[in-house]
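Hi everyone, thanks for coming. Let me put the structure up on the screen, and then we can walk through it together.

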Amino acid sequence: MIELNKITKKFTLHNQGKTNILVFNNLNLKINPGEIVALTGPSGVGKSSILKMIYGNYVFQSGQIKVNDHDIDHTYPRNIIELRKNIIGYVSQFLRVIPRVPTIEIVMEPLLEINSDQDEVREKAEKILLKLNIDKNLWNLSPLTFSGGEQQRVNVARGLIRNYPCLLLDEPTASLDSVNKDIVLNLINEKKDSGSSIIGIFHDEYSRKYLNAREIDITKISDAK
Amino acid sequence: MQPILSVHNLNKYYGNQVGCKNMNLTLYPGEVVGVVGESGSGKTTFINSISGNLIPDSGKILIETGNETIDFLEISESLKRLLIRTELAFVHQNPRDGLRLDVSAGGNISERLMSIGQRNYGNIRQTIFKWLDKVEIDKSRVDDFPRTFSGGMLQRLQIAKNLVTSPKIIFMDEPTGGLDVSVQAKILDLLRKLVRELNLSVVIVSHDLAVIRLLADKIIVMKNGEAVESGLCDQVLDDPQHSYTQLLVSSVLQV
């Protein structure tokens, strides 16, 4: 369960004339277990900001965010680190990894946080990479040289190898062909059916319908102009 | 869970000049804290003051060993030296500062082992090989002098030399500074793996925000000897609140 109560979010740009940008004033949102919420609206209205506030990347000025009844509280970074280990998964749009680390190890990493059995974790990583049509020959290469679609699938594999109770998805299918898109969407549906609370940004109508997502138009609740 | 290291209101002056002041830090087991800031901001003074290289003017440093809490600035000199050889480790920017260049690679790695009383040659030799393997230095180089090593190899040797006694807290001052980018990537990968495998707790100083983003859980941003902002690493870098941090983050060149 993900809950946002009365959230105010603004950016203060100190070095650009102390410009204040108000993004949200009194934002309320609730995502139940087994539910997918899709945020819609033009770019710049704050769709990604919502995901980043839930994941703890962005601070908020007032209000409360809870994931499975745990507060996202920036005065205790340690707690947010623990929540990311156990409760919140995040598939970002872009792959950010250490150069030269093989794909298979990047996918294994989140699972190694909770399971030290290398062989078992490797097996699971291989399984999800196969499912996502990442060629076996690529597994021992760094994904930094892969195509956009391949990089995105590695990112998805890394984010979905575990079963997080709360899942944040930032355009996980943006640069995929239709076959691979369906594969990723099916994986997301599996997570939903297993009871995850899922919130995401999906650029196309097709994905939102496929996932049977509850759509929320951010322009109606955002104060960003 | 108890923090393994906590620093409270630490001050270090050079005469009237501020080295670092009012510094605080909490480090939990398995956690990496990055210290960033431009040169002259007091990063190195801070890490030296909390690792026993410099004596701070005031403040408190508490180290949790599992059995007891040690007040690092109040203990005897001999106990402090023992701690520095066993529970703590320091990786210098320049590996030549942390290695003995006229002693073989194996000899460098065995130094800390022998200082804690290991005498069995066979066991020591085995541990040396295990660590050379961990830091990806070929076993055949064990008896070579470090001066015949490349910069990247020297840094990996320094890491092995420091980690061989399984210290609980590792201090690193720009461990990838001065290395070319491909070597830097390899060291970063190695450090990440070791942190997870050995549940290391690390304080790392770097002016390179990309390095800190990849390694650190938490971050302290320093300016003129003081912490201007601290918190969760990617939050401070993605949504900086202080004007100096905003300037720092927006000054990074995009590749």
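Let's start with an open sheet in chain B: four strands in the order β2-β1-β4-β5, with antiparallel pairing. Strands here are DSSP runs (E, at least two residues) and helices are too (H or I, at least four), numbered from the N terminus, and two strands pair if DSSP finds at least two bridges between them. The edges are β2 (17–27) and β5 (69–71) of chain B, each pairing on one side only. Inside this sheet, β1 (residues 5–14) and β4 (residues 58–64) of chain B run antiparallel and are joined by five bridges. In one of them, B:N11 has B:S58 in β4(B) as its partner.

A quick note on the source: this is a predicted model, where local features need pLDDT of at least 70 and side-chain atom pairs count only at pLDDT 80 or more, while totals for chains, interfaces and linings use all residues. Residues are numbered from 1 along each chain as its sequence is written, and chains are lettered from A, ligands numbered from 1, in the order in which they are written.

Now, where do the chains meet? The contact (C-beta atoms, placed from the backbone, within 7 Å) takes 20 residues from chain B and 18 residues from chain A. On chain B's side, α7(B) gives the most, with six residues.

Finally, B:V35. Which residues does B:V35 touch, leaving out those up to four places away in sequence? They are B:K43, B:F46, B:I47, B:V203, B:V205, B:I220 and B:M222. Thanks, everyone!

Note on methods. Contact = placed C-beta atoms within 7 Å.
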